[in-house]
Amino acid sequence: MRSVVIAEESGARSERTSDGWPDIPGDTALTIRIPEADPLVRAGFPAHVTVLYPFVHESRLDDPAHRDLSGILAGHPPFTLTFAGFGRYPGVLYLDPHPHAPVKALTTDLTRRWPELVPYRGIFGPGLDPHLTIANHESPATQDAAYDTLQSDLAPLLPLRCEVDTVQLITWDGKGWRERDEYRLGPEGPRSDEGNNSLA
């Protein structure tokens, strides 16, 4: 059994209910792990591209929900993401995955099934384009100098070409994000296990 703790993408925060990221134990998200990019990440968590955050609370993950999730993801073929360039949000340096379309298609189908889910809780309007966070430790006022240097250091390691055939379901346990389940893309796409693979 794997036990992978994924620190929150927004950085370490002690006042979770006051900064727009009010995660509570049992909150979940769907992500694509990109282990090829782990050596580039300086943000304190494994490299990933978010498909849908937040997903449904863990208490709602009954067998029908898992079947629907498996079916939706199995309806999408595996795809390849290429990371060749950088982008920035305020305080964040990220890798820009191309193409965006396969990741956005996953998000669209999931929110069609669960229309009450709003990507990033609506904090960023309709959401954010697919991205892989490299660093998030600088403020918008100081990011240019720091991220210019980091970007120059990492640029020779690009491009990265990554095959995507699974999506991970992760859950917030109050201290970190942990992998709970894995779903395959493509027509032979049942869950990786038939039981609860929640990690302590």
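**Close-up 1. Surroundings of Asp-27: beyond its neighbours within four places in sequence, Asp-27 is in contact with Pro-22, His-57, Arg-121, Ile-170, Thr-171, Trp-172 and Trp-177, contact meaning heavy atoms within 4.5 Å.** The model is predicted, so local features need pLDDT of at least 70 and side-chain atom pairs count only at pLDDT 80 or more, whereas totals for chains, interfaces and linings use all residues. Residues are numbered from 1 along each chain as its sequence is written, and side-chain values use heavy atoms, with hydrogens and water left out. Asp-27 lies in the loop that runs between β1 (5–6) and β2 (28–33), where helices (H or I, at least four residues) and strands (E, at least two) are DSSP runs numbered from the N terminus. With a relative accessible area of 10%, Asp-27 is buried; buried means under 20% relative accessible area, exposed over 50%, and partly exposed in between (1.4 Å probe, protein chains only). The side chains of Asp-27 and Arg-121 are joined by a polar contact of 3.0 Å, a term that stands for a pair of N or O atoms within 3.5 Å, of which, within protein, one must be able to donate a hydrogen and the other to accept it, with residues adjacent in sequence counting only if both atoms are side-chain atoms.

**Close-up 2. Tyr-120 and Arg-121, two residues with positive phi in the loop between α2 and β6.** Tyr-120 has a phi of about 55° although it is not a glycine, and Arg-121, also not a glycine, has a positive phi of about 55°. Tyr-120 is buried, with a relative accessible area of 8%, while Arg-121 is partly exposed, with a relative accessible area of 30%.

**Close-up 3. An open sheet of four strands in the order β6-β5-β4-β7, with antiparallel pairing.** Two strands are taken to pair if DSSP finds at least two bridges between them. The edges are held by β6 (132–135) and β7 (160–164), each of which has a single partner strand, so one side of each is left without a neighbour in the sheet. On average, and with direction ignored, neighbouring strands of this sheet are turned by 40° against each other, where axes are lines fitted to C-alpha atoms (for helices over the stretch in contact) and angles run from 0 to 180 degrees between N-to-C directions. Between β4 (residues 79–89) and β7, the antiparallel pairing extends over five bridges, and Phe-79 stands opposite Val-164 of β7.

**Close-up 4. Helix α3 (residues 143–154) packed on this sheet, where it touches β4, β5 (92–98) and β6.** The direction of α3 makes about 150° with that of β4. The 12 residues of α3, at 1.5 Å a residue, should span 16 Å, and this agrees with the 16 Å between its end C-alpha atoms; the expected span of a helix is 1.5 Å times one less than its number of residues. Gln-143, Tyr-147, Leu-150 and Leu-154 are the buried residues of α3, and they cover an arc of only 60° around the axis, which puts them on the same side of the helix; the arc is that of the directions from the helix axis to the C-beta atoms. These buried residues pack against β4, β5 and β6, whereas Ala-145, Ser-152 and Asp-153, on the other side of α3, are exposed.

Close-up 5. The buried residues of α2, which are Pro-102, Val-103, Leu-106, Thr-107, Leu-110 and Thr-111, pack against β2, β3, α1, β4 and β8 (166–172).

**Close-up 6. The cis peptide bond from Tyr-53 to Pro-54, with omega near -10°.** Pro-54 belongs to the loop between β3 (48–52) and α1 (63–74).

**Close-up 7. The hairpin of β8 and β9, with four residues between the strands.** The two strands pair in the antiparallel sense over seven bridges, and the bridge partner of Leu-169 in β9 is Asp-181. Strand β9 (residues 177–184) is mostly covered, with seven of its eight residues buried. In this hairpin, Gly-174 takes a positive phi near 100°.
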